[in-house]
Amino acid sequence: MADLTAKIAWIAEVDFTGSPRDHIAEGLRGLPYRNRCIYYRSYHDRIVVLRVKHGAEDIKPQDFEL
């Protein structure tokens, strides 16, 4: 768990853009990490992590509705 937290901190620190996942939800980004994918939105002053899902899970737009 600490390594996942460290990876999320790294995303925020280096302002890593990740891969666009607009086909799932507008503005969504994803970064595969080990057997998971970190889904987040990047803003000019923060990163908002929405979900961390296992790579084998089906991802649906409903998973990211606010």
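The structure is a predicted model.

The overall architecture may be taken first. The protein chain contains 1 helix and 4 strands, and along the sequence these elements follow the pattern α-β-β-β-β. The chain has 66 residues, and a compact globule of that length would have a radius of gyration near 11 Å; the value for the protein chain is 11 Å, which agrees. Along the principal axes, its C-alpha atoms fill a box of roughly 30 × 25 × 20 Å.

The surface and the interior can be described next. Of the 66 residues, 27% count as buried. The accessible surface of the protein chain comes to about 4,600 Å², and carbon and sulfur atoms account for 51% of that area. Among the contacts with a separation of 6 or more, 25% are made by residues 24 or more positions apart. As for charge, the protein chain carries 10 positive and 10 negative side chains, and the centres of these two sets lie 4 Å apart.

Glu57, by comparison, is 27 residues from Gly30 in sequence, and the two C-alpha atoms are 14 Å apart in space.

Arg34 presents another setting. Its place is in the loop between S2 and strand S3, the latter covering residues 36-43. Arg34 has a relative accessibility of 68% and therefore counts as exposed, the threshold being over 50%. Its backbone also deserves attention. Most residues other than glycine have a negative phi. The phi of Arg34, however, is near 55 degrees, a positive value in a residue other than glycine.

The charged side chains form the last part of this account. Side chains of opposite charge can pair when their charged atoms come close. A search of the whole structure finds 5 salt bridges. One of them links Glu57 with Lys53, with 3.2 Å between the closest N and O atoms. Glu57 is partly exposed at a relative accessible area of 38%, whereas Lys53, at 13% relative accessibility, counts as buried.

Lys53 also meets Asp63 in a salt bridge, at 3.8 Å from N to O. Lys53 lies in strand S4 (residues 46-54) and Asp63 in the segment after S4, so this pair ties together parts that are 10 residues apart in sequence. Asp63 is buried, with a relative accessible area of 13%. The side chain of Asp63 has a further salt-bridge partner in Lys60, at 3.9 Å from N to O. Lys60 counts as partly exposed, at 39% relative accessibility. Through shared partners, these salt bridges join Lys53, Glu57, Lys60 and Asp63 into one network.

Conventions: Residues numbered from 1 in each chain as written. Predicted model: local features only at pLDDT ≥ 70, side-chain atom pairs only at ≥ 80, totals over all residues. Heavy atoms only, no water. Helix = DSSP H or I, 4+ residues; strand = E, 2+ residues; numbered from the N terminus. Rg over C-alpha atoms; globule rule 2.2 N^0.38 Å. Buried < 20%, exposed > 50% of the residue type's maximum accessible area, 1.4 Å probe, protein only. Contact = heavy atoms within 4.5 Å. Areas by Shrake-Rupley, 256 points an atom, 1.4 Å probe, with all protein chains shown as cover. Lys, Arg positive; Asp, Glu negative; His and termini not counted. Charge placed at Lys NZ, Arg CZ, Asp CG, Glu CD. Salt bridge = Lys/Arg side-chain N within 4 Å of Asp/Glu carboxyl O.
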